[in-house]
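Please look over the structure shown here.

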Amino acid sequence: MTSPAHRAPAPMTNRPEPAGLADVLERVLDKGMVIAGDIRINLLDIELLTIKIRLLIASVDKAREMGIDWWEHDPTLSVAERDVAAENRQLRTRIAELERQATGSGQLDSAPEREETRE
Amino acid sequence: MSEASLTYVYGLTRAAAPLPEEPGVDDRPLRMLRLGALGAVVSDVPAAEFAEDALRGHFEDLGWLERVARRHDAVVQACHRAGVAMPLRLATIYVDDVSAEQRLAEIAADVERTLDRLDGCDEWGVKFFDSPASQSPSAPPEPTPSTSGADYLRRRQAEMMRSGEAAASAAVRADSVYRALAKHAVADTRHRPQDPKLAGRREPMLLNAAFLVRRADTHTFRAAAAELAGHHLEEAIVLTGPWAPYSFAGTTG
């Protein structure tokens, strides 16, 4: 649509841009009405998700290419930061669990790391 | 056991609204659950893919996430075009229709009020980027070393004041753009600006706002945006939309 311009065409767009993935994700994950569902994807998961996506997209260039940036200033993320200690604890427990499972097959006799045994 | 499925809810609308001819997630057909005057646009989704554990894994798969997010958005937007629609957050899922209906019945009155408020309106996104020039602060190169500590401190103070002033004036410009557009909107809200490093442009985003605009005022709103852009030739104003009213769908009374 070309609406009558009052001035010379500025280097801006009055024409709406097609929705980039970043804009879509920002809206469907962060806005929109929240109703508790039976399947719990609670806010904490979404906060963690933003961190995980960031880790997934290791390179800034790749992220830029995809137009993904919204987590950088995601308000839910700053909430998450407050709980970061609790999350760290959870994650550490989980990692310990996984490590136990991974080393479960081979006995630990000769395992060099001994922190676990210190009680 | 038959192949288990779950009920995925995209958005809420009026029961009388036509169901859009848009495929749901995984190409499943859309259905409308009706609770009195309220309609919920849903589709079946396979439990194997959308149960809690599976979902947690999928959420880390950007390809999966993009596919579902775009489908969710496409359905919500189609509902919005067909009549007023209230978008729900991605992955609002119930074990079956009965469970969804029970939950939605509890909030039906609130939702209907919100639908009345949103009726006939679109959401528009406006991002305002600072000028590229502002990125190279006119800090004069000062090759001469400080002659004294006091000089150094004075100069530091001046520098800090300059950058403080620049930040303040950027905030003022962002505020003025926001306020000017809000005049043409029924409701408005500011989201956190997206990070410049990753936004694909070097200039910082000063404003990341959303406006709820009556469809009848669309032309006025866009003309106002164009006029502002004319006043801010150095900066960039980026308009997105029309969106379903994502940013205004909260169940506020």
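The questions below concern a predicted model.

Q: Which pattern does chain B follow along the sequence?
A: Chain B holds 6 helices and 8 strands. Read along the sequence, they follow the pattern β-β-β-α-α-α-β-α-β-α-β-β-α-β.

Q: Among contacts in chain B between residues at least 6 apart in sequence, what percentage join residues at least 24 apart?
A: Chain B has 253 residues, and 40% of them count as buried. Take its contacts between residues at least 6 apart in sequence. The share of these that join residues at least 24 apart is 75%.

Q: How far apart do the C-alpha centres of domain 1 and domain 2 of chain B lie?
A: Chain B is divided into domain 1, residues 5-119, and domain 2, residues 122-248. Their C-alpha centres lie apart by 35 Å.

Q: Which element gives the most to the side of domain 1 of chain B that touches domain 2 of chain B?
A: The contact takes 6 residues from domain 1 of chain B and 4 residues from domain 2 of chain B. On the domain 1 side, helix H3 (62-82) and strand S4 (85-94) of chain B each supply at least two residues. That side has 4 nonpolar, 2 polar and no charged residues. With 3 residues, the element that gives the most is H3(B).

Q: What distance does H3(B) reach from its first C-alpha to its last?
A: H3(B) has 21 residues. At 1.5 Å a residue, the expected span is 30 Å. The reach from first C-alpha to last is close to that, at 30 Å.

Q: Which element of chain A is included in what covers the buried residues of H3(B)?
A: The buried residues of H3(B) include B:Leu65, B:Val68, B:Val75 and B:Cys79. B:Arg71, B:His72 and B:Asp73 are also among them. From chain B, the cover includes strand S1 (5-14), strand S3 (38-46) and S4. From chain A, the cover includes helix H1 (21-30).

Q: Why are H1(A) and H3(B) described as they are, in terms of the angle between them?
A: The axes of H1(A) and H3(B) come within 10 Å and cross at roughly 75 degrees. Angles of 65 to 115 degrees count as roughly perpendicular. H1(A) and H3(B) are therefore, relative to each other, roughly perpendicular.

Q: How many charged residues does the contact of H1(A) with H3(B) have?
A: From H1(A) come A:Leu21, A:Val24, A:Leu25 and A:Val28. They meet B:Glu66, B:Ala69, B:Arg70, B:His72 and B:Asp73 in H3(B). By class, the contact has 5 nonpolar residues and 1 polar residue. The number of charged residues is 3.

Note on methods. Residues numbered from 1 in each chain as written. Chains lettered and ligands numbered in written order. Predicted model: local features only at pLDDT ≥ 70, side-chain atom pairs only at ≥ 80, totals over all residues. Domains from an automatic or database assignment. Contact = placed C-beta atoms within 7 Å. Helix = DSSP H or I, 4+ residues; strand = E, 2+ residues; numbered from the N terminus. Nonpolar A, V, L, I, M, F, W, Y, C, P; charged D, E, K, R; others polar. Expected span 1.5 Å × (residues − 1). Buried ≥ 20, exposed ≤ 12 C-beta atoms within 10 Å, placed from the backbone. Axes fitted to C-alpha atoms, helices over the stretch in contact; angles between N-to-C directions. Parallel < 35°, antiparallel > 145°, perpendicular 65-115°, else oblique.
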